[in-house]
Amino acid sequence: MKCLCETNTICSLKVEGDVGADPIWCSICGANLNVDDLPVSRSLKIDLEKWSLQYGEWINWENDTLTSNGIELEHLHNSKGELLTKRLREEVGPDCPVTFSPAVSGKAYQDLFQE
């Protein structure tokens, strides 16, 4: 795998959901990385891709509002993300640190509309 870092070699990963992006990022340069390029099991790749497609289910995109159970959905999404991050850490090994960046948009929407 390659990124935009000066060394052009991935040495630190971040798991983070986003609309329309693969959920793996270089935690140094911020480049979005292709899940298929990860040196991990096919089952983990599939689970990461499924998880990323669920990003933002807590937002009603038509109305730009939080769904009625939005905070709970975001919490579930983050819990799954933490488990996937743990699996990724185990599969890539100790030479490549992996961090998780939880979704916070639900909280932002909640705060915005409570004012």
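1. Leaving aside its neighbours within four places in sequence, which residues is Asn 78 in contact with? In this predicted model, the residues that Asn 78 contacts, once those neighbours within four places are set aside, are Phe 100, Pro 102 and Ala 103. Asn 78 itself belongs to helix H2, which runs over residues 70–92, and with a relative accessible area of 12% it is buried, because anything under 20% is counted that way.

2. On confidence, the protein has a mean pLDDT of 90, and 93% of its residues reach 70 or more. Among its elements, helix H1 (residues 42–53) has the highest mean pLDDT, at 98, whereas helix H3 (residues 105–114) has the lowest, at 76.

3. As to the overall layout, the protein contains three helices and six strands, and reading along the sequence gives the pattern β-β-β-α-β-β-α-β-α. The C-alpha trace spans about 45 × 30 × 20 Å along its principal axes.

4. How do H1 and H2 pack, in terms of the angle and the distance between their axes? The two helices pack at an angle of about 155 degrees, and their axes are 11 Å apart. H1 is therefore roughly antiparallel to H2, since an angle over 145 degrees is counted in that way. The crossing of H1 and H2 is left-handed. On the H1 side the contact is made by Ser 43, Leu 44, Asp 47, Leu 48 and Trp 51, and on the H2 side by His 77, Lys 80, Gly 81, Leu 84, Arg 87, Leu 88 and Glu 91. By residue type, this contact of H1 with H2 divides into five nonpolar, three polar and four charged residues.

5. Trp 58 deserves a separate comment. This residue lies in the loop between H1 and E4, and it is buried, with a relative accessible area of 1%. Setting aside neighbours within four places in sequence, Trp 58 is in contact with Thr 65, Leu 66, Thr 67, Gly 70, Leu 73, Glu 74, His 77, Ala 103, Ser 105 and Gly 106. For one of these, Gly 70, the separation from Trp 58 is twelve residues in sequence and 4.1 Å in space, C-alpha to C-alpha.

6. Is Gly 106 buried or exposed? With a relative accessible area of 0%, Gly 106 is buried, and its place is in helix H3, the element with the lowest mean pLDDT. Not counting residues up to four places away in sequence, Gly 106 touches Trp 58, Leu 66, Ile 71 and Glu 74. The C-alpha atoms of Gly 106 and Trp 58 are separated by 6.7 Å, although the two residues are 48 apart along the chain.

7. Ser 52, in helix H1, has 11% relative accessibility and counts as buried, because the cut-off is under 20%. Its contacts, leaving aside neighbours within four places in sequence, are Asp 18, Ala 21 and Pro 23. Between Ser 52 and Asn 34 there are 12 Å in space, C-alpha to C-alpha, with the two residues 18 apart in sequence.

8. Leu 33 lies in strand E3 (residues 32–33) and is likewise buried, at a relative accessible area of 5%.

9. A last point concerns backbone geometry at Asp 64. Most residues other than glycine have a negative phi. Asp 64, although not a glycine, has a positive phi of about 55 degrees. The residue lies in the loop between strand E4 (59–60) and strand E5 (65–66). At 41% relative accessibility, Asp 64 counts as partly exposed, because that value falls between the cut-offs of 20% and 50%.

Key: Residues are numbered from 1 along each chain as its sequence is written. This is a predicted model: local features need pLDDT of at least 70, side-chain atom pairs count only at pLDDT 80 or more; totals for chains, interfaces and linings use all residues. Side-chain values use heavy atoms; hydrogens and water are left out. pLDDT is the predictor's confidence in each residue, from 0 to 100. Helices (H or I, at least four residues) and strands (E, at least two) are DSSP runs, numbered from the N terminus. Buried means under 20% relative accessible area, exposed over 50%, partly exposed in between (1.4 Å probe, protein chains only). Contact means heavy atoms within 4.5 Å. Axes are lines fitted to C-alpha atoms, for helices over the stretch in contact, and angles run from 0 to 180 degrees between N-to-C directions. Angles under 35 degrees count as roughly parallel, over 145 as roughly antiparallel, 65 to 115 as roughly perpendicular and the rest as oblique. A crossing is left-handed if the near helix is turned anticlockwise from the far one by less than a right angle, and right-handed if clockwise. Ala, Val, Leu, Ile, Met, Phe, Trp, Tyr, Cys and Pro count as nonpolar, Asp, Glu, Lys and Arg as charged, and the others, Gly among them, as polar.
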